[in-house]
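Here is a friendly briefing to read alongside the model. Please keep the sequence and the 3D view open as you go.

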Amino acid sequence: MPWDLVKLNDGHSMPTIAFGTWKLGNGQGPTDQVDQAISVGFSHVDTAQSYRNEAEAGLAIRESGLSRSEIFITTKYSGLDGLDIGTSIKNSLKNLGVSYVDLYLIHHPRLATPDIPTAWKEMESLKEKGLVKSIGVSNFNVGDLQTLLASAKVKPAANQILLHPYVYAQQAPILAYAAANGIVIEAYSALIPITSRPGGPLDVPLKSISERLSKTPDQVLLAWVKAKGAVVVTTSSKKERLQGYLDAGDLKLTLADIAALDAAGAVGAKQSTARTVIRRIAMLALAGAAGVRVAAWAGVL
């Protein structure tokens with residue numbers, strides 16, 4: 001299972017596959033699922049303020065019996081309850097039951113208030129105080145990263161973004177900019193083409209590659225993310241699926257495989273854009289028709 005460590009630009013290292021707690025809710029469920037993920041071999045747990053299950057994740061981590069240094073913990077500043085970055089990290093540490101987190105991210109650029117440079121200075125302060133080992137961002141585009149780097153003393157170690165073949169062309173400039181500046185890309189929702197958007201152009205190459213390699217489509221998609229140089233953030237409630245995700249670290253795609261997935265993803269992106277345009281035109285037409293009816297009723301026409 002060669003999901004190796006990746007060296008961050010601040011000297012720390014991060015496991016290249018993470019178990020994410022987004023959408024797990026709270027209560028016993030997420031605790032059990034984090035426990036299960038750790039038991040099958042995940043050593044990186046990704047959570048956030050807004051997921052409202054930091055405490056559950058922390059409980060599972062503590063009950064795993066592993067030392068703190070054996071688990072890499074990522075959480076995010078989500079602006080929960082209108083609290084600032086300094087207060088939020090203290091709450092997150094309390095929830096998680098730890099004295100530091102390995103990676104702390106600004107969850108979205110709109111949360112960087114009053115502006116990105118000011119918010120980033122607060123993040124740098126947390127690193128200086130030892131409350132976090134590494135700092136980064138999430139959902140930042142190239143312009144956001146340029147604004148941050150213009151005044152930063154510490155570069156973001158990572159940028160966690162949506163990444164799968166259907167959005168690859170759109171996200172490619174972010175990957176290129178990050179690579180040029182030593183910022184690791186983390187990919188969330190990589191399995192959307194099979195979990196939320198089945199029946200699209202990717203189905204054919206995924207099926208072909210999966211059958212040739214005797215692997216599952218989800219393993220092929222994770223291998224595609226790895227081939228793009230990104231860290232995987234994924235989740236599942238099923239133990240066998242989690243084991244499959246870890247096994248996908250051994251999977252080597254050919255350049256032809258990657259090109260086929262890229263091409264199918266680009267077709268799917270165009271189809272999605274076309275559907276969006278058609279929906280907007282339809283909505284405008286409906287709105288226009290409604291306006292005509294109202295005007296006629298009011299005696300304007």
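**Starting point: a serine in a strand**

Ser 134 sits in strand S7, residues 132-138. Helices (H or I, at least four residues) and strands (E, at least two) are DSSP runs, numbered from the N terminus. This is a predicted model, in which local features need pLDDT of at least 70 and side-chain atom pairs count only at pLDDT 80 or more, while totals for chains, interfaces and linings use all residues. Residues are numbered from 1 along each chain as its sequence is written, and side-chain values use heavy atoms, with hydrogens and water left out.

**Ser 134 and the overall picture**

- Ser 134 has a relative accessible area of 1%, so it is buried; buried means under 20% relative accessible area, exposed over 50%, and partly exposed in between (1.4 Å probe, protein chains only).
- Setting aside neighbours within four places in sequence, Ser 134 is in contact (heavy atoms within 4.5 Å) with Leu 8, Asp 10, His 12, Asp 102, Leu 103, Tyr 104, Lys 127 and Ala 157.
- The protein holds eleven helices and ten strands, and 47% of its 301 residues are buried.
- Of the contacts between residues at least 6 apart in sequence, 74% join residues at least 24 apart.

**Nonpolar cores**

- In soluble globular proteins, nonpolar side chains tend to be buried together.
- A nonpolar core is a set of buried Ala, Val, Leu, Ile, Met, Phe, Trp, Tyr and Cys residues joined through side-chain atoms within 4.5 Å.
- The largest such core here has 71 residues, and Phe 42, Val 101, Tyr 104 and Leu 253 have the most contacts inside it.
- Helix H9 gives the most to this core, with six residues.
- Another core, of nine residues, lies apart from it and includes Leu 105, Ala 158, Val 184 and Val 231.
- Beyond its neighbours within four places in sequence, Tyr 104 is in contact with residues including Thr 75, Tyr 77, Ile 89, Met 123, Leu 126 and Ser 134.

**The largest pocket**

- Rolling a probe the size of a water molecule over the atoms shows where empty space is left.
- On a 1 Å grid over the protein atoms alone, a cavity is a set of points where a 1.4 Å probe fits but cannot get out, whereas a pocket is an open set with protein on both sides within 12 Å along at least five of seven lines; lining residues have an atom within 4 Å of a point.
- The largest pocket holds about 710 Å³ of space; grid points are joined across faces, edges and corners, and the volume is the space filled by probe spheres set on the points.
- Its lining has 31 residues, of which Ser 189, Leu 191, Thr 195, Thr 234 and Thr 235 lie nearest the centre.
- Two or more lining residues come from each of helix H7 (192-195), helix H9 (217-227), strand S10 (231-234) and helix H10 (239-247), and H10 has the largest share, at four.
- By type, the lining has nine nonpolar, 16 polar and six charged residues; Ala, Val, Leu, Ile, Met, Phe, Trp, Tyr, Cys and Pro count as nonpolar, Asp, Glu, Lys and Arg as charged, and the others, Gly among them, as polar.
- Ser 189 is in the loop between strand S9 (184-188) and H7, and at 19% relative accessibility it counts as buried.

**Helix H8, face by face**

- The buried residues of helix H8 (residues 203-213) are Pro 205, Leu 206, Ile 209 and Ser 210.
- Seen down the axis of H8, these buried residues fall within an arc of 125 degrees, so they line one face of the helix; the arc is that of the directions from the helix axis to the C-beta atoms.
- Val 204, Lys 207 and Glu 211 are exposed on the other side of H8.

**Backbone points to check**

- Most residues other than glycine have a negative phi, and most peptide bonds are trans.
- Ser 189 has a positive phi, near 60 degrees, and so does Ser 214, which follows H8.
- Arg 52, in the loop between strand S4 (44-46) and helix H2 (54-63), has a positive phi of about 55 degrees.
- Thr 113 and Pro 114 are joined by a cis peptide bond, with omega about 0 degrees; Pro 114 is in the loop between strand S6 (101-106) and helix H4 (116-129).
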